[in-house]
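Hi,

Here's the structure I said I'd pass on to you.

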Amino acid sequence: MSQLFAGGVNTLSRWLDRIAGLCMAGIMVLVVSNIILRVVFKNPMAGAVDYVGFLSALAIGLALAYCAVQNAHIAVDFIIEKFPPRVQAVVDTVINAVGLVFWGLVFWKMTEYGHSLAASGVVAPTTQMPFHPFVYLVSLGLFALCLVMLVRFIDSVKRMTVNK
């Protein structure tokens with residue numbers, strides 16, 4: 001069951017990362033197009049800053065979970081790796097538990113923020129696009145990160161009990 005869950009979390013993370021990559025490609029197309037329109041036609045794209053901001057938020061928020069799946073974040077473990085496997089598992093369990101709680105709270109508050117933006121009708125200044133769908137999508141990325149942290153927590157607890 002846990003392998004199936006971990007596989008599903010990895011697949012979700014990979015898909016969100018692909019969407020984040022598309023957002024980065026969209027940012028590049030927007031910036032280059034805006035430069036060309038500004039230089040050649042003296043008429044820049046209206047709202048380019050809004051679009052780039054939205055796409056940047058999505059690129060970062062949606063890529064977090066896959067980054068965690070790949071262990072691509074910064075980790076200082078040169079001291080921890082010198083300890084016995086059981087101690088390493090205990091440290092990993094504590095770190096994963098704290099990370100899960102922290103990112104769970106961030107997900108929760110980001111979702112609340114999306115609700116408040118939707119209720120107040122806040123929109124981007126130039127394009128008049130509502131903010132809340134983008135906040136909800138970033139929140140989805142944070143939820144996926146929480147799932148990754150949960151898988152890691154379960155794995156570290158298993159390693160802790162196996163290394164008795």
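Below is what turned up, starting with the pockets and ending with a surface patch.

A bit of housekeeping: this is a predicted model, so local features need pLDDT of at least 70 and side-chain atom pairs count only at pLDDT 80 or more, while totals for chains, interfaces and linings use all residues. Residues are numbered from 1 along each chain as its sequence is written, and side-chain values use heavy atoms, with hydrogens and water left out.

Pockets first. On a 1 Å grid over the protein atoms alone, a pocket is an open set of points where a 1.4 Å probe fits, with protein on both sides within 12 Å along at least five of seven lines; lining residues have an atom within 4 Å of a point. The largest pocket holds about 950 Å³ of space. It is lined by 34 residues, with Ala-68, Asn-71, His-73, Asn-96 and Arg-152 nearest its centre. Helices (DSSP runs of H or I, at least four residues, numbered from the N terminus) α1, α2 (48-69), α3 (85-120) and α4 (132-162) each give at least two lining residues, and α4 has the largest share with 10.

The second largest pocket has about 160 Å³ of space. Among its lining residues are Phe-54, Leu-64, Tyr-113 and Phe-134. Here α2 supplies the largest share, five residues.

Now the charges. There are three salt bridges in the whole structure (a side-chain nitrogen of Lys or Arg within 4 Å of a carboxyl oxygen of Asp or Glu). In one of them, Asp-92 pairs with Arg-159, their closest N and O atoms 2.7 Å apart. Asp-92 sits in α3 and Arg-159 in α4, so this pair ties together parts 67 residues apart in sequence. Arg-159 also bridges to Asp-155, at 3.6 Å between the closest N and O atoms. Through shared partners, Asp-92, Asp-155 and Arg-159 form one network. Another bridge links Lys-109 and Glu-112, with 2.8 Å between the closest N and O atoms; about one helical turn separates these two, because they are three residues apart in α3.

Lastly, Val-31, Val-32, Ile-35, Ile-36, Val-39, Val-40 and Phe-41 make a nonpolar surface patch of about 660 Å² (residues with over 30% relative accessible area and no salt bridge, nonpolar side chains joined within 5 Å; areas by Shrake-Rupley with a 1.4 Å probe). Val-31 belongs to α1 (residues 2-41).

Cheers

Terms used: Patches are made of residues with over 30% relative accessible area and no salt bridge: like charges are joined within 9 Å, nonpolar side chains (Val, Leu, Ile, Met, Phe, Trp, Tyr) within 5 Å. Grid points are joined across faces, edges and corners, and a volume is the space filled by probe spheres set on the points.
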